[in-house]
Amino acid sequence: MTVGDLSSLLVWAAMTALTVAFVASTVALARLAEASRRVPAARELAPAGGPALPAEPAPDVRPEGSPKAAGIARSTSLTGGALLLAGIVTRGLAAGRWPTANMYEFALVGTFIAVLVLVVVQRRRFIPFLGVLVLGIGVLALALALTVLFVQADAVQPALQSYWLVLHVGVAIIATGVFTVGFAAAVLQVLQDARESGTSREGAAGETGQPGALHRWRVTGPAWAWLRSAPSARELEAFSFRLNAIGFVLWTFTLIGGAIWAEHAWGRYWGWDPKEVGTFVAWVVYAAYLHARTTRGWSGRRAAYMVFVGYAVVLANFTVVNLFVDGKHSYSGL
């Protein structure tokens with residue numbers, strides 16, 4: 001067995017462990033939903049004319065849903081992350097270079113960063129929905145990497161034989177992993193905000209005897225009772241903002257580093273290559289998000305929707321641009 005074969009086996013093992021973690025997180029979320037439906041929530045009504053106050057979870061509803069499932073999810077996430085790290089290291093040894101030169105390796109390292117951020121976050125507080133979404137994305141990324149994007153470990157073309165392969169591409173991968181968890185937090189924020197807004201409007205209607213103003217859409221009813229045990233929309237928005245701010249700083253370095261590397265390799269800083277344009281568009285979207293939230297007072301769902309757009313652009317830049325658009329970056333093992 002070669003080192004490259006060992007790397008592939010380790011990545012398969014990592015995907016298996018992360019799949020178990022995904023299933024355990026799903027079970028924990030299902031148990032939380034079931035327990036929340038059985039225990040009626042306290043009425044979330046505000047004084048007349050005042051904002052609604054979210055009810056605390058019922059005493060016998062555990063925020064993690066199922067302690068056993070939560071424990072399995074935590075341990076298998078950690079195990080999967082360790083196996084994936086081993087697979088990345090052995091991949092680098094097999095290729096004799098830093099393992100960030102093609103889509104396969106990008107997917108491996110990006111998934112590892114996302115899982116690492118998730119593990120750190122879940123040590124403080126286990127949030128089943130966050131685990132389901134991040135691990136689901138991670139398992140899907142590894143499955144596509146192993147079955148569609150896989151290329152043999154080998155040396156790279158001269159243009160990629162540079163320390164910028166570590167700095168430029170490595171930082172871009174780290175940023176993508178951070179953006180993934182920030183995106184998952186924004187999704188949960190939107191659901192929680194819809195529940196809180198729906199409860200507030202229902203409460204206002206109950207107090208006045210008049211129907212509340214029609215909200216665009218509301219997340220209410222027994223099926224969404226588990227959201228009472230999740231962090232508030234405000235907390236989730238702040239968490240997503242911090243992650244996306246970190247990701248934006250890294251992405252800024254990615255853009256600048258790419259321009260410097262382009263000048264070294266191709267004799268120009270900017271050439272409107274499709275990959276360059278996609279990276280710049282993603283930077284603009286996240287810059288607009290940070291600016292709107294910090295200086296224009298944008299918050300709540302409007303801010304979260306900008307996160308969705310930014311993450312969609314990052315994914316499109318990784319998939320659509322790499323696979324279907326010709327450019328100077330098309331030699332990167334695709």
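Select helix α7: its 22 residues reach 31 Å from first C-alpha to last, close to the 32 Å expected at 1.5 Å a residue. The expected span is 1.5 Å times one less than the number of residues. Helices here are DSSP runs (H or I, at least four residues), strands are runs of E (at least two), and both are numbered from the N terminus.

Before going on, note that this is a predicted model, where local features need pLDDT of at least 70, side-chain atom pairs count only at pLDDT 80 or more, and totals for chains, interfaces and linings use all residues. Residues are numbered from 1 along each chain as its sequence is written, and side-chain values use heavy atoms, with hydrogens and water left out.

**The whole chain.** Zoom out. The protein chain holds 9 helices and 0 strands. Of its 334 residues, 51% count as buried. Buried means under 20% relative accessible area, exposed means over 50%, and partly exposed is in between (1.4 Å probe, protein chains only).

**Back to α7.** Color its buried residues. Among them are Lys-275, Glu-276, Tyr-286 and Leu-290. Now step just past the helix to Gly-297, which takes a positive phi of about 80°.

Select residues 233-266 for α6 and residues 274-295 for α7. Two packed helices are described by the angle between their axes and the distance between the axes. Here the angle is about 145°, and the axes are 9 Å apart. Axes are lines fitted to C-alpha atoms, for helices over the stretch in contact, and angles run from 0 to 180 degrees between N-to-C directions. The crossing of α6 and α7 is left-handed; that is, the near helix is turned anticlockwise from the far one by less than a right angle, whereas clockwise would be right-handed. The residues of this contact divide into 15 nonpolar, 6 polar and 3 charged. Ala, Val, Leu, Ile, Met, Phe, Trp, Tyr, Cys and Pro count as nonpolar, Asp, Glu, Lys and Arg as charged, and the others, Gly among them, as polar.

**Aromatic rings.** Show Phe, Tyr and Trp side chains. Rings (for Trp, the six-membered one) pair if their centres lie within 6.5 Å; planes under 30 degrees apart count as stacked, over 60 as edge-to-face and the rest as tilted. The count comes to 10 aromatic pairs. Pick Phe-179 and Tyr-286: this pair is stacked, 4.0 Å centre to centre, with 10° between the planes. Phe-179 lies in helix α5 (residues 164-208) and Tyr-286 in α7, so the pair ties together parts that are 107 residues apart in sequence. Both Phe-179 and Tyr-286 are buried. Next, select Phe-183, Tyr-305, Phe-308 and Tyr-311, which form one aromatic cluster.

**Thr-180.** Stay in helix α5 for Thr-180. It counts as buried, at 6% relative accessibility. Draw a line from Thr-180 to Leu-118: they are 62 residues apart in sequence and 9.7 Å apart in space, C-alpha to C-alpha.

**Tyr-104.** Move to helix α3 (residues 103-124), where Tyr-104 is found. Tyr-104 is buried, with a relative accessible area of 0%. Its C-alpha is separated by 9.3 Å from that of Ala-141, 37 residues away along the chain.

**Last stop: α2.** Select residues 67-95. The 29 residues of helix α2 should span 42 Å at 1.5 Å a residue, and the end C-alpha atoms are 42 Å apart, which agrees. Just after α2, Gly-96 takes a positive phi of about 70°.
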